[in-house]
Amino acid sequence: MSDAETFTRLYYYGTVQMSMAPEDFWLTPIGFFLDLWACHKQFLGVEKAHGDMCIDDILPSGI
């Protein structure tokens, strides 16, 4: 996927899916926008929030 296609998709996600004004989309830092997009997907139920795991969560006690 080219850079132009990537920014077209991001522009669509911001303006259509997240109802941002075009000016707000272009002025939002990319990292903040990607965080907003991840939260939006969690809100819609498309993606689950990532959780921290510890080795104790994987291995049963007593091993």
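**Stop one: the aromatic cluster**

Select Y11, F25, W26 and F33: ring pairs link these residues into a cluster. A pair here means rings of Phe, Tyr and Trp (its six-membered ring) with centres within 6.5 Å; planes under 30 degrees apart are stacked, over 60 edge-to-face, and the rest tilted. By this rule there are six aromatic pairs. Zoom in on one of them: the ring centres of F25 and W26 lie 4.8 Å apart with the planes at 75°, so this pair is edge-to-face.

Before going on, a word on what you're looking at. This is a predicted model, where local features need pLDDT of at least 70 and side-chain atom pairs count only at pLDDT 80 or more, while totals for chains, interfaces and linings use all residues. Residues are numbered from 1 along each chain as its sequence is written, and side-chain values use heavy atoms, with hydrogens and water left out.

**Stop two: F25 and W26 again**

Is F25 buried or exposed? F25 counts as buried, at 6% relative accessibility, whereas W26 is exposed at 54%. (Buried is under 20% relative accessible area, exposed over 50%, partly exposed in between, with a 1.4 Å probe and protein chains only.) W26 sits in helix α2, residues 22-27; helices are DSSP runs of H or I with at least four residues, strands are runs of E with at least two, and numbering starts from the N terminus.

**Stop three: T15**

Now select T15, in helix α1 (residues 3-17). At 18% relative accessibility, T15 is buried. Which backbone oxygen does the side chain of T15 reach? Look at Y11: its backbone oxygen is 2.7 Å from the T15 side chain.

**Last stop: zoom out**

Show the whole chain as a cartoon. You'll find four helices and zero strands, running α-α-α-α from the N terminus. The radius of gyration of the chain is 17 Å, well over the 11 Å that the globule rule gives for 63 residues, so the chain is more spread out than a compact globule. That radius is taken over C-alpha atoms, and the rule is 2.2 Å times the number of residues to the power 0.38. Along its principal axes, the C-alpha trace spans about 55 × 25 × 20 Å. How much of the chain is buried? Buried residues make up 16% of the 63 residues.

How values were computed
A polar contact is a pair of N or O atoms within 3.5 Å; within protein, one must be able to donate a hydrogen and the other to accept it, and residues adjacent in sequence count only if both atoms are side-chain atoms.
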